[in-house]
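Reader: Hi! Could you walk me through this one? I'd like to go from the overall fold to a few residues.

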Amino acid sequence: DWDVLVMVWIVVGAFFSTILHAALANVFLGAWAVPPFTLAFNFITLIFLIGALNFANGRVGSLIAPADAQVTGGGVTSTLRSAADAAASNDLEGAMNAIFRGIGQLFFANSVVAGIIIILGIAVCSRIAAGFALVGSTVGMLTGLALGANGVAIYNGLWGFNSFDAALAIGGVFFVLTWRSGLLAVGCAVLAALMFGAFASLFTPWGLPALTLPFCFATLAFVLLKGASSRLSAVEVADITTPEDHRRRPSGEHSEGVGRDSVREFPESEPPRDPQDDAQRRP
């Protein structure tokens, strides 16, 4: 059912998220020439959710379930399954669910069909980006399994969506795609998954989601590597288009796309006039 008060909170949160994003963009782009990614969304959403836990009109849903912090490593079952009381799925079914649900979870869509549709949509723009999205979600799943994380969370894509976004960002978007930047993208996906596990544990007492904080911090760490190695070719924020275009574009050439002002060019026969010359020619 639609709740008018919740809709008001959503609009207010969206407003403040825009303001905070603009402020963070000024700082991040000015100081480090990197975007703040989704930090504003994370901060504002967590502020509202944390506050809502103690508001009579907070209207938090059942997914926000505070619990006592505890060490449960020995009692965690990493078998892939849809729910705690569900039967274990076979390896292929579990993996496909984890990977494609990991794609969909970035948009709060816990669905294999949604994940497939999103991948197809990304592929329309860039097949390289779609490939790294799948690689990232797969790496997130494998990292969760290697750590022995909760199989229900892995099956439902929670270990995949931050890694999917991180791998896509590094694998051809913020760096020109080479085998080195490809390996870097996989490393960033692993770090995002590790950070997801840490944030998920940290937020357990409040029952809060990790959202995309792992993606933000992991990707920022790797994007800030630009300039640290001559073997990595970074793409400036204003020049970002698609991974395919970045590979075709000669090194050092700028994009004429969004974010870069077009520069008027004069033909050789009509060079731009110098105002001082005009003043000297006047009687």
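**Fold, core and one arginine**

Author: Happy to. Keep in mind that this is a predicted model. We could start with I170: beyond its neighbours within four places in sequence, I170 is in contact with F175, S181, L184, A185, C188, T219, F222 and V223.

Reader: Nice. Which residues touch the most other members of the largest nonpolar core?

Author: Those are I122 and I170, in a core of 59 residues. That core takes at least three residues from each of domain 1 (1–58) and domain 2 (90–249).

Reader: Stepping back, how many helices and strands does the protein chain have?

Author: There are 11 helices and 0 strands, so the pattern along the sequence reads α-α-α-α-α-α-α-α-α-α-α.

Reader: And what share of the contacts with a separation of 6 or more comes from residues 24 or more positions apart?

Author: That share is 69% in the protein chain.

Reader: How about burial and surface?

Author: Of the 283 residues in the protein chain, 40% are buried. The accessible surface is about 16,300 Å², with 63% of that belonging to carbon and sulfur atoms.

Reader: Switching topic: where is R249?

Author: R249 lies in the loop between α10 (243–248) and α11 (275–281).

Reader: Is R249 buried or exposed?

Author: Buried: its relative accessible area is 13%, and the cut-off for buried is under 20%.

Reader: Which side chains does R249 make polar contacts with?

Author: There is one of 2.7 Å to the side chain of D245, and another of 3.1 Å to the side chain of T241.

Key:
Residues numbered from 1 in each chain as written. Predicted model: local features only at pLDDT ≥ 70, side-chain atom pairs only at ≥ 80, totals over all residues. Heavy atoms only, no water. Core = buried A, V, L, I, M, F, W, Y, C linked by side-chain atoms within 4.5 Å. Buried < 20%, exposed > 50% of the residue type's maximum accessible area, 1.4 Å probe, protein only. Domains from an automatic or database assignment. Contact = heavy atoms within 4.5 Å. Helix = DSSP H or I, 4+ residues; strand = E, 2+ residues; numbered from the N terminus. Areas by Shrake-Rupley, 256 points an atom, 1.4 Å probe, with all protein chains shown as cover. Polar contact = N/O pair within 3.5 Å; in protein donor to acceptor, adjacent residues only side chain to side chain.
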